[in-house]
Amino acid sequence: MKFKCRMVDAGAMRDFTSIVNTISRMAKYCVLRLTPDELCFNVGDERIPVLWAVLSQQHFFAEYVMCGVSEQENEIYLEFDASMFARTFNSLKITARSAKIKLTNKRQPCLTFEIDLTSLSVDSRQCVHDVPVKLIPRREWPEHKMPDIPEFDVTLEIPQLKYIRHIVERMKNMSSQLTIIANKCGALVLKVEVDYATVSTHFKELQVWEAGEEDTGDISATVAIKKLAMFLGWDILHPDSVKCNLLQEKMVKLTLDVGDHVKMHYFIPAIAS
């Protein structure tokens, strides 16, 4: 197995840093799937999928070399401490000129980061960090594949995340649960109910991407508001498109696209009523 890559674009390094920092706030451990074309970050909660983030290697890396376990199974799966991974990238905030990442063996498998920092002196400074990783054996790969996506009752485009985030942050002070309601006419409602009041925000004429053939009226799911708020932090990436997929009283899946180089699937199970 072999893996090494190099980033030189300031925008790509900034976005990559934002992605790993946000992932580190979601879970202690993360699985990284490496293929010749993309990197996939997989975050789960007791084997239940939470986040599946797909990054195009061509956008983020000026150099990218990857050889998997075999020609037939040209992939590598690594598990690591997400917070340690994120702390390493804090060096990129100090105007890094480039960052190299490679899979090494230093008494144990590691991802070694070599970050060149700008300097007023002739000699550049270099930060080197080793992040221990666990190589996941092939027999366990199926546990970390992209989860099966069910057929949702309705899928619609939602407004800019920053607007939703401001609303949800206020609702979070009122309740630990939030109900998302949508229909095939393009209406979306965010609602919290407490003993003394019901508060809801309504959006109309949103673009509907998919809807079941039957006219089932409103589709709803009640979710933990903290889990929804965590996803809304991804507005830092300024996504081009965010879709909300609803499965009646079972699941909410939020899909976020940044150009053609970042695609995220975020799963929130519904709370049983």
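## Val189 and its surroundings

Val189 touches Thr179, Ile180, Ile181, Ser200, Thr201 and His202, leaving out residues up to four places away in sequence; a contact here means heavy atoms within 4.5 Å. This is a predicted model, where local features need pLDDT of at least 70, side-chain atom pairs count only at pLDDT 80 or more, and totals for chains, interfaces and linings use all residues. Residues are numbered from 1 along each chain as its sequence is written, and side-chain values use heavy atoms, with hydrogens and water left out.

**More on Val189**

- Val189 sits in strand β12 (residues 188-194); strands (E, at least two residues) and helices (H or I, at least four) are DSSP runs, numbered from the N terminus.
- With a relative accessible area of 12%, Val189 is buried, a word that means under 20% relative accessible area with a 1.4 Å probe, protein chains only.
- Val189 and Thr179 are ten residues apart along the chain, and their C-alpha atoms are separated by 7.9 Å.

**The sheet around β12**

- Four strands make an open sheet in the order β13-β12-β11-β15, with antiparallel pairing; two strands pair if DSSP finds at least two bridges between them.
- At the edges are β13 (197-203) and β15 (219-224), each pairing on one side only.
- On average, neighbouring strands of this sheet are turned by 20° against each other, direction ignored; axes are lines fitted to C-alpha atoms, for helices over the stretch in contact, and angles run from 0 to 180 degrees between N-to-C directions.
- Six bridges join β11 (residues 177-182) to β15 in the antiparallel sense, and Ala182 stands opposite Ile219 in β15.

**Helices across the sheet**

- Helix α4 (residues 161-172) lies across β11, β12 and β13, and runs at about 175° to β13.
- Helix α5 (residues 225-232) lies across β11, β12 and β15, and runs at about 90° to β15.

**Helix α1**

- Twelve of the 15 residues of α1 are buried, so this helix is largely enclosed by the rest of the structure.
- The buried residues of α1 include Phe16, Ile19, Val20 and Ile23.
- Asp9 caps the N-terminal end of α1, with a side-chain oxygen 3.1 Å from the backbone nitrogen of Gly11.

**Asn42**

- Asn42 belongs to strand β3 (residues 38-45) and is buried, at a relative accessible area of 10%.
- Setting aside neighbours within four places in sequence, Asn42 is in contact with Cys30, Val31, Leu51, Trp52 and His144.

Key:
Buried < 20%, exposed > 50% of the residue type's maximum accessible area, 1.4 Å probe, protein only. Polar contact = N/O pair within 3.5 Å; in protein donor to acceptor, adjacent residues only side chain to side chain.
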